[in-house]
Amino acid sequence: MSEEPTRKRRRNFAMLNREVIKPGYCVSCGGCEAVCPVYAISMEQLVPKLVSGCINCGACIDICLRYKQRVEQPEYPQNEIGEILELYTGRTKLEDIHARSQNGGIVTTLLVTAMKKNEIDGAIVTTHVSDLLGPVPTLALNELEILKAAKSKYTLNPVLTKLPSIKLSHKSKVAVVGLPCHNETLSNIIEKKNLGADFRHKYTIGLFCMSSYEPTAFRDIISQNLGLSIANLTKTDCARGKFFFESPDGVTDIKIKECGGAKAKGCKYCMDFAAEFADISIGNIGVGDDSNIIIVRNKEGKELLELAIKDNLLDVEKIPEEKWPEKLAAAIKLSNSKRKGNESVPPIETK
Ligand SMILES: Cc1cc2nc3c(=O)[nH]c(=O)nc-3n(C[C@H](O)[C@H](O)[C@H](O)COP(=O)(O)OP(=O)(O)OC[C@H]3O[C@@H](n4cnc5c(N)ncnc54)[C@H](O)[C@@H]3O)c2cc1C
Ligand code: SF4
Ligand code: SF4
Ligand code: SF4
């Protein structure tokens, strides 16, 4: 493990810029903007920019996942995808949610159920305004807003910029849905008790993730290669080495390899496929397009899932521990290939 620079350096935005943003390790998670106590950081076109005076408090440095990884140099072994308390496969029984969702509709069903039961009073989810390749994080305050945010958006998404809105709207029991990078920065914010944004939250839901894409470059590749009108997309999907794009005209596809040029730079340094920092991690690899694989990681994740199971809203199977390796084989294979294909962020130079 390398050590933090011993040379007296100010822990400020200039340091974040030098060690994370400029070298291309930033993943646009939005955490730094959220925690800055003087609102000096703003995500501009997905890049954190200093927009007013930095008071050198170090909050952004403390919580940035990439800064922490550069300092701590964690190991990412093959064949490991984090803590598992319980494992399930299956889908929602709620057909209206299933029809609107990406896979088995588990994420949306868990959120809607928790809200109906007053276990959460808000959920940070990701909707879109112009088209599905322009994700817009939002604090959903009712079931309809949660439903509208269903389905995956494959471009960079500053989810954590919405954390301060929890305080502003006087909510205290919020679920945060994010990709592994969002989950990790969020866990740093909790660990450091660095609550510049003074946020509280109840559940972290993680989505499996191989990569995100730069929105402009991704839109260009798709419209140039497939002649698609991006505004008409009703669903985007990523499976079996291809991206699929659904619109009222039908479904078209393109090989993921052909979109390599649009892969977000910061994703090249990502080693977490299975959302290891979440309370509950959800994907679909190995279980088909209309279903989910659900890794319950801790008691909060178990509590959230059980809300829906108790009301008989899910058609899920609990997988006995001896069958975990078999059911997780595809996820582990993908996680291994992500770790092999990507690289760890380099340690911070101390001289
Ligand atoms: C960029 C990306 C890459 C993924 N890669 C894989 C993969 O390689 N293998 C795999 O098994 N699964 C992957 N997933 C997860 C998968 O696409 C589904 O999200 C998951 O199976 C849950 O399905 P669901 O039907 O329960 O989701 P739904 O019920 O449709 O809910 C989806 C939730 O995800 C949120 N969301 C959508 N896009 C984003 C985003 N960009 N950032 C944060 N939150 C978002 C929405 O707000 C919504 O709450 C990926 C998801 C994303 C967004
Ligand atoms: S969080 Fe602190 S160190 Fe970072 S930009 Fe804001 S004031 Fe500066
Ligand atoms: S990775 Fe997240 S916290 Fe770090 S600089 Fe980028 S947006 Fe900020
Ligand atoms: S590959 Fe990693 S860094 Fe990139 S969006 Fe997915 S979780 Fe975030």
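For my counts, Ala, Val, Leu, Ile, Met, Phe, Trp, Tyr, Cys and Pro are nonpolar, Asp, Glu, Lys and Arg are charged, and the others, Gly among them, are polar. I'm looking at a predicted model, so local features need pLDDT of at least 70 and side-chain atom pairs count only at pLDDT 80 or more, while totals for chains, interfaces and linings use all residues. Residues are numbered from 1 along each chain as its sequence is written, and chains are lettered from A and ligands numbered from 1 in the order in which they are written.

**Ligand 3.** I looked up its shell, where a residue is near if its C-beta atom, placed from the backbone, lies within 6 Å. I found 15 residues around ligand 3, the closest being Cys26, Cys29, Gly31, Cys32 and Cys64. By class the shell has 10 nonpolar, 4 polar and 1 charged residues. The largest share of the shell, 3 residues, comes from α1.

**Ligand 4.** I found Cys181, Cys209, Cys267, Cys270 and Asp272 among the residues around ligand 4. Its shell splits into 8 nonpolar, 3 polar and 1 charged residues.

**Helix α9.** I call a residue buried if 20 or more other C-beta atoms lie within 10 Å of its own, exposed if 12 or fewer, and partly exposed in between, with C-beta atoms placed from the backbone. In α9 the buried residues include Pro180, Cys181, His182 and Ile189. Just after this helix, Lys193 has a positive phi of about 50°.

**Helix α6.** How many of the 11 residues of α6 are buried? I got 10, so to speak a mostly covered helix (residues 106–116). Asn118 follows α6 with a positive phi, near 65°.

**The sheet.** I traced 3 strands in an open antiparallel sheet, in the order β8-β9-β10. Strands pair if DSSP finds at least two bridges between them. The edge strands are β8 (235–239) and β10 (250–255), each pairing on one side only. I noted 6 bridges joining β9 (residues 242–247) to β10. Phe243 stands opposite Ile254 in β10.

Definitions and conventions. Helix = DSSP H or I, 4+ residues; strand = E, 2+ residues; numbered from the N terminus.
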